[in-house]
Amino acid sequence: RDWSSDVCSSDPPRLDTLLALRGGAAESKRLAHVRLEGLSFEHGAWALPTLGQSFPRGDLNVGAAVTVSAASVVTLVRCGVRHVGRYGVALGAGTRECRLEGCELVDLGAGGVMVGTATAPADRITAVRGNVLRDCTIRATGRVHPGGIGVWIGHADRTVVERCEVADVTATGIAVGGTRGYAANESGANVVRSNLVHHVGYDLRSGAAGIATSGAAAGVVVEGNLVHNVVGHGIVADEGSSAVVFRGNVVHRTVGAGFRQVSGRGNVVEKNVFASGGEWQLVRDLVEDHTALTFERNVVWWSGDGELADGDWSKRIVVRSNLYWHDGGKVVFPGGGDLAARQASGQDRGSRVADPGFADPASGDFTLAADSPALALGFDPPDLSSIGRITEASLAPLLPEVPSPWQIGRAHV
C-alpha cells in the first residue's frame, strides 16, 4: 500500500472537551432541564501536561470529553461518545437528578463515566445526588490511561447504575466509593444493579475488579449483576466498605477470587454465585475488631486446582447456609478440615457440600435443576434475562473492533 503524502492525510483532534454544560455557583444560577438526544461527540484529544501525568487511582484527573456541573435534570438520551482521549462523561460537582440513558461510550482514552467528586463536597450546592446511568454501553476504555475505570462513583449520593454493559476495560469495571477506610463519608445509598460486566483487566495493574466498593458509605447495594472474565477479582469489598449488600450476583471466570473483602464492617454477601475462580474462590485480607461480614446462602462452584478460601474465615465473621462444590476435587475448608470440622468450629452451620446441579457452569449456564440442594438453603436462582442492556446498541456495532495498545495477556480468561 502506498502511504505517501499524496494518498494519506491526518487531521488529529485538538479539543479535549467537546461539550461542557455548566451552571453558576449560586443556587439561582444552576443549569436545569436540558435534554440532549441522538447526538454524537467524537474525536477528542488529551494533551500531556508539561510536568507529565500521574494519578494514584483511576486517572480521574484527566477529565472528560463531556462534562456536566452545577446542573439539575440534564438528560442525555441515545448519545454517543467515541474516540476521545479522556473519560467519556463526567457528572461533576453540583449535579442532581441527571441521567444517561441508552448512551454508548466506546474507544475511550481513560474510563467511561465519572459520577461525583474525588473530595467531599464543600456545601449543599456542590453535593452530587440522584444521578442515573441506565441502559448504556461502555466499551474499550483505557486506550491512553489504563487506570481509567468503566464507571466511577465518588462522593455522590443515591446514584443508580443499572442495566448497562461494561466491557473491555483495562482497570476496574464499576467502582463505588469516594473514600477508602472508615473516615466519615456523606455519600451513600448508591445502587449497582443488573449490569453486565465482562472482560476486565489486562495484566496491566494490580487490583483490577469487576465491581469494587470502598469507604464507610451506608446503604450501598450491589445486586443482580453478571460479572465474568476478569483478570483480577470478581467483586471486591475494598478498604472500609461498610454496610454494603452484595446480593444475587453471578461471578465466574476470574483470575483472582470471585469475592474478596480487603477490610470492612457489617457487609452482607447473600444469594450469589461464585464460580470458576482462580487460585482461590474467596479471599479475606484483614481481621479487625468488629464483624466484617455475613456470608450466607451463596453457591461456590469451581473445578481445577484452585482452593476454596484464603485468609481467616473464622474470626469476626458469620458464615452459614452456603453450598460448596469442587467439581472433580475435594472441598477443603479454611483450617484444612472437612465440613464437619468446619461446623464444629462454629462456622458454616447449615451449609452443605453438594453438586448444585447447574446446567453448564463451565460455559456460564447457571440454570438450576429443579431438585437442586441450593433451593433448600433459600438460594434464589439467578435470572440472567434481566441483566445488561434493555435496548440494542446502535452505534457500537457500526464501529470496527477497537484494538488495544496493550498486550492482551490474560484479558480473555
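Among contacts in the protein between residues at least 6 apart in sequence, what percentage join residues at least 24 apart? The figure is 76%, where a contact means heavy atoms within 4.5 Å. The structure is a predicted model, in which local features need pLDDT of at least 70 and side-chain atom pairs count only at pLDDT 80 or more, whereas totals for chains, interfaces and linings use all residues. Residues are numbered from 1 along each chain as its sequence is written, and side-chain values use heavy atoms, with hydrogens and water left out.

The protein has 413 residues and a radius of gyration of 22 Å, which agrees with the value near 22 Å of a compact globule of that length; the radius is taken over C-alpha atoms, and the globule rule is 2.2 Å times the number of residues to the power 0.38. Along the principal axes, the C-alpha atoms fill a box of roughly 70 × 60 × 40 Å. Of the 413 residues, 56% are buried, a term that denotes under 20% relative accessible area (1.4 Å probe, protein chains only).

The protein contains two helices and 39 strands, these being DSSP runs numbered from the N terminus (helices H or I, at least four residues; strands E, at least two). Twelve strands form an open sheet with parallel pairing, in the order β3-β6-β10-β13-β16-β19-β22-β26-β30-β33-β36-β37, two strands being counted as paired if DSSP finds at least two bridges between them.

The largest pocket holds about 660 Å³ of space. On a 1 Å grid over the protein atoms alone, a pocket is an open set of points with protein on both sides within 12 Å along at least five of seven lines, a cavity is a set of points where a 1.4 Å probe fits but cannot get out, and lining residues have an atom within 4 Å of a point. Grid points are joined across faces, edges and corners, and a volume is the space filled by probe spheres set on the points. The pocket is lined by 31 residues, with Arg-57, Gly-58, Ile-149, Arg-180 and Asp-238 nearest its centre. Strands β17 (174–176), β20 (209–213) and β23 (233–237) each supply at least two lining residues, and the largest share, three residues, comes from β20. All five residues of β20 are buried, so this strand is largely enclosed by the rest of the structure. Strand β20 pairs in the parallel sense with β17 over three bridges, Thr-213 being the partner of Val-176, and is joined to the parallel strand β23 by four bridges, with His-233 of β23 as the partner of Ala-209.

Two cavities of 30 Å³ or more are found in the whole structure. The largest cavity, of about 50 Å³, has a lining that includes Leu-282, Phe-295, Trp-313, Arg-342 and Asp-348. The second largest cavity has a volume of about 30 Å³, and among its lining residues are Phe-41, Cys-79, Gly-80 and Cys-103.

Terms used: Buried means under 20% relative accessible area, exposed over 50%, partly exposed in between (1.4 Å probe, protein chains only).
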